[in-house]
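Have the sequence and the coordinates open side by side.

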Number of protein chains: 2
Amino acid sequence: MGTRERRQRQVAEREHLFLGAARELIRQDGLLNLQMARIAEKCDYAVGTLYQHFGSKEDLLVALATDNAQHRVELFRRVDEWKAPTRDRMMGIAVADLMFVQLYPEHFRLAQLAFTEIVWGAASPERRRLALESGEPLGRICDGIIEEAVRRGDLKLRGLKPTELGLGPWAMTIGTHSIVHVEGILEQGQIGDPYRLLMRHLHCLLNGFDWQPLFDPADDAAVDRKTKQICNEVFNDIACN
Amino acid sequence: MGTRERRQRQVAEREHLFLGAARELIRQDGLLNLQMARIAEKCDYAVGTLYQHFGSKEDLLVALATDNAQHRVELFRRVDEWKAPTRDRMMGIAVADLMFVQLYPEHFRLAQLAFTEIVWGAASPERRRLALESGEPLGRICDGIIEEAVRRGDLKLRGLKPTELGLGPWAMTIGTHSIVHVEGILEQGQIGDPYRLLMRHLHCLLNGFDWQPLFDPADDAAVDRKTKQICNEVFNDIACN
DNA sequence: CTCGATTTTTGAATCTGGTTCAAAATTCGC
DNA sequence: GCGAATTTTGAACCAGATTCAAAAATCGAG
């Protein structure tokens, strides 16, 4: 029975339509002014139909964050396919993340909200499951790089699981995003480009892991060169920073 | 004219009362169910009076987060006064942070929400200024430790400002909190105690900074011993983890 | 101490925007 | 082509934040 399938596809399409409209409205009027009625209106559907797809506004927000995150997975995959020394590939993951933030400037703010107790807790369990699931490939890719590094003798786990080691760079990256995105925090200390700084700190951390080949993080030019190189070799079709 | 001053004090007292009630209600019913009317009721004041103090619910949330943060400053100060090698003192900052999370488990969730575009943006500029200001002493303390480390020859800045170097550990700590506090994320990867892991990664990072004396992060027992030691010497009156 | 002016408090009324659900429209199988 | 089942609709509902005119308290001069 093809009817069922067509229906399925229609529903998926409409969900996409709604999410797109929501994204647009956020870009236009800010997260603050996002209204369910507006989303429905923009798509020429009744609010009731919108609620057929998303159990609540919170549900929609989590769905939107999840949808955005798909694009990040794509970027990570590119790094995964990149033939390069394992340490470069790990830095590549960080560059991919930066790329993503640049490409989707609204994402982090949205994600920050979506993972808030209030929103996360009010979304449907199914939606939460999907959101968590959408992040899984990222973890797998990172683990893969770490495992390869161990295999090649570039890195020693020294009692950690790959995921546990990966938590370090991951936390540092997320933390930097958090700091950057709180309006006004960076203005007070006179800090240069925070993401350039992140790259340097990541190099320090990887050195601390004794991830070969070691790299001089104080050589700003070299750090920049490495970042550029990754941009060129992995993301040459996308505007590079 | 003492009248003005008394009034001033009364207002401050009442503000404290309101914040206390809010905190209590959050503990009781969760952030999700916090209602302005309930806060006022609990204090035997009219809602209008509550709005005399806080321009909006968002304003109150930021105020509450700011108020909580005061306690963190206290913990950091203790570390600042602790006579110990600079590297130990830097780790002490991280331990203080952990202590704080343990002491005020609700704080991070609240702060996460408060720094969200929606809440942060809707709070009054004055309130935001106060919030930012309340974090300043933390930065100063960290900078101080880093500067002392440089003076003593334990650490080389290599072109960074103290604040910039401090951003690394800071980001890693915040990032770890973020990851820990998203319900369900840690369950999927089988990760051990994430905060123990944080300590280890911080040791790695400080090693990467070449902060003397270097420390073997793979020696779990030594890491734990160091953490315990800090707890004992700095926070011996508070329950230690 | 008294009285009018000023400030503060009050809480019912208002307003906003998310959510529901009975009726209308559409689709489906026969 | 027809009645049953499904989907869509949007006006009504509702929760809860916010307002503001009236009431109460405080103040300060005479």
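A residue is near a strand if its C-beta atom, placed from the backbone, lies within 6 Å of it. Helices here are DSSP runs of H or I with at least four residues, strands are E runs of at least two, and both are numbered from the N terminus. The model is predicted: local features need pLDDT of at least 70, side-chain atom pairs count only at pLDDT 80 or more, and totals for chains, interfaces and linings use all residues. Residues are numbered from 1 along each chain as its sequence is written, while chains are lettered from A and ligands numbered from 1 in the order in which they are written.

In all, 17 residues surround DNA strand C. The closest are Q35(A), G48(A), S56(A), A46(B) and G48(B). At least two residues each come from α2 (36–42) and α3 of chain A and from α3 of chain B. By class, this surface has eight nonpolar, seven polar and two charged residues. Nonpolar covers Ala, Val, Leu, Ile, Met, Phe, Trp, Tyr, Cys and Pro; charged covers Asp, Glu, Lys and Arg; the others, Gly among them, are polar.

Now turn to DNA strand D. It has 16 residues around it, and A46(A), G48(A), Q35(B), G48(B) and S56(B) come nearest. Two or more residues each come from α3 (47–53) of chain A and from α2 (36–42) and α3 (47–53) of chain B. Here α3(A) gives the most, with four residues.

How are the two protein chains related? A rotation of 180° with 0.0 Å of shift along its axis superposes chain A on chain B, with an RMSD of 0.1 Å. That is the relation of a two-fold axis. The superposition is by least squares on the C-alpha atoms of residues with pLDDT of at least 70 in both copies. The same surface serves both copies, as 100% of the contact residues of chain A recur in chain B.

Next, the contact itself. It takes 49 residues from chain A and 49 residues from chain B. Two residues are in contact if their C-beta atoms, placed from the backbone, lie within 7 Å. On the side of chain A, two or more residues each come from α6 (105–114), α7 (117–122), α8 (125–152), α9 (162–181), α10 (185–188) and α11 (194–208). The largest share, 13 residues, comes from α9(A). This side divides into 23 nonpolar, 18 polar and eight charged residues.

Look at chain A as a whole. It has 12 helices and zero strands. Its C-alpha trace spans about 60 × 50 × 35 Å along its principal axes. Buried residues make up 41% of its 241 residues. A residue is buried if 20 or more other C-beta atoms lie within 10 Å of its own, exposed if 12 or fewer, and partly exposed in between, with C-beta atoms placed from the backbone. Among contacts in chain A between residues at least 6 apart in sequence, 65% join residues at least 24 apart.

Which residues have the most contacts inside the largest nonpolar core? They are A96(A), L202(A), L205(A), A96(B), L202(B) and L205(B), in a core of 81 residues. Such a core is a set of buried Ala, Val, Leu, Ile, Met, Phe, Trp, Tyr and Cys residues joined through C-beta atoms within 7 Å. Helix α5 (residues 86–103) of chain A gives the most to this core, with 10 residues. Leaving aside neighbours within four places in sequence, A96(A) is in contact with L75(A), F76(A) and V79(A). A second, separate core of 47 residues includes A22(A), F54(A), A111(A) and L110(B).

N207(A) lies in helix α11 of chain A. It counts as buried because it has 22 C-beta neighbours inside 10 Å. Beyond four places in sequence, N207(A) touches L214(A), F215(A), P217(A) and G208(B). L19(A) sits in helix α1 (residues 2–29) of chain A. With 19 C-beta neighbours inside 10 Å, L19(A) counts as partly exposed.

Finally, confidence. Chain A averages a pLDDT of 94, and 97% of the residues score at least 70. This score is the predictor's confidence in each residue, from 0 to 100. In chain A, confidence is lowest in α10(A), at a mean of 76, and highest in α2(A), at 98.
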